[in-house]
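Here's a quick briefing to keep beside the structure while you click around.

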Amino acid sequence: MTKSELVAQLALRFPKLVLKDADLVVKAMLDAMSEALATNHRIEIRGFGSFALNCRPARVGRNPKSGKRVQVLEKWVPHFKPGKELRERVNKKEPQLRKTSGNNSSDSL
């Protein structure tokens, strides 16, 4: 789902909410969440999941074009951990609705 689809769903669910206002609400929420993560705060939405920052330590990488060694600096990356209710809901869906990876071992027999 894209941001514009989320805005449209919000406007459909709440008819008194004008599309422009729904867009402002979504933007305000995303800005608040981004600011919270930027200031090293954890975000928890009960029943959905939590967002936090993980530190990726510095390492030596390789330039794929030249093969030269490159020092990759330490960086902080956002990490999402789904909540129990979301995991249960996702796992309850019909299996044929999901794409399969094609690596099923029973197919090769």
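Let's start on the outside: Arg42 is exposed, because its relative accessible area is 53%, over the 50% cut-off. Keep in mind that this is a predicted model. Arg42 belongs to a salt-bridge network that also takes in Glu44 and Arg46, and that's a handy way into the rest.

**Salt bridges**
- How many salt bridges does a search of the whole structure find? The count is 3.
- Glu44 pairs with Arg42 through their side chains, at 3.0 Å from N to O.
- Glu44 also meets Arg46 in a salt bridge, with an N to O distance of 3.0 Å.
- Glu44 is partly exposed at 42% relative accessibility, while Arg46 counts as exposed at 72%.
- Over in helix α2, Lys27 and Asp23 are about one helical turn from each other, because they sit 4 residues apart.
- The closest N and O atoms of the Lys27 and Asp23 salt bridge are 3.4 Å apart.
- Both partners are partly exposed: Lys27 has a relative accessible area of 36%, and Asp23 has 24%.
- As background, side chains of opposite charge can pair when their charged atoms come close.

**Overall layout**
- The protein has 3 helices and 5 strands, and reading from the N terminus the order is α-α-β-β-β-β-β-α.
- Of its 109 residues, 13% count as buried.
- The accessible surface comes to about 9,800 Å², and carbon and sulfur atoms make up 56% of that.
- Looking at contacts with a separation of 6 or more, 28% are between residues 24 or more positions apart.

**Core and nonpolar surface**
- Which residues make up the largest nonpolar core? It's a set of 5: Met33, Ala36, Leu37, Ile43 and Phe51.
- Helix α2, which spans residues 19-38, gives the most to this core, with 3 residues.
- Leaving out residues up to four places away in sequence, Ala36 touches His41 and Ile43.
- In general, nonpolar side chains tend to be buried together in soluble globular proteins.
- There's a nonpolar patch on the surface too, made of Ile45, Phe48 and Phe80, with about 230 Å² of accessible area together.
- Phe80 sits in strand β5, residues 75-82, and is partly exposed at 32% relative accessibility.

- Leu30 is in helix α2 and is partly exposed, at 37% relative accessibility.
- The C-alpha atoms of Leu30 and Lys3 are separated by 9.7 Å, although the two residues are 27 apart along the chain.
- Asn40 lies in the loop between α2 and β1, and counts as exposed at 55% relative accessibility.
- The phi of Asn40 is near 65°, a positive value in a residue other than glycine.

- The mean pLDDT is 89, and 85% of the residues reach 70 or more.

Methods. Residues numbered from 1 in each chain as written. Predicted model: local features only at pLDDT ≥ 70, side-chain atom pairs only at ≥ 80, totals over all residues. Heavy atoms only, no water. Core = buried A, V, L, I, M, F, W, Y, C linked by side-chain atoms within 4.5 Å. Buried < 20%, exposed > 50% of the residue type's maximum accessible area, 1.4 Å probe, protein only. Helix = DSSP H or I, 4+ residues; strand = E, 2+ residues; numbered from the N terminus. Contact = heavy atoms within 4.5 Å. Patch = residues over 30% accessible without salt bridge, like charges linked within 9 Å, V, L, I, M, F, W, Y side chains within 5 Å. Areas by Shrake-Rupley, 256 points an atom, 1.4 Å probe, with all protein chains shown as cover. Salt bridge = Lys/Arg side-chain N within 4 Å of Asp/Glu carboxyl O. pLDDT = per-residue confidence, 0-100.
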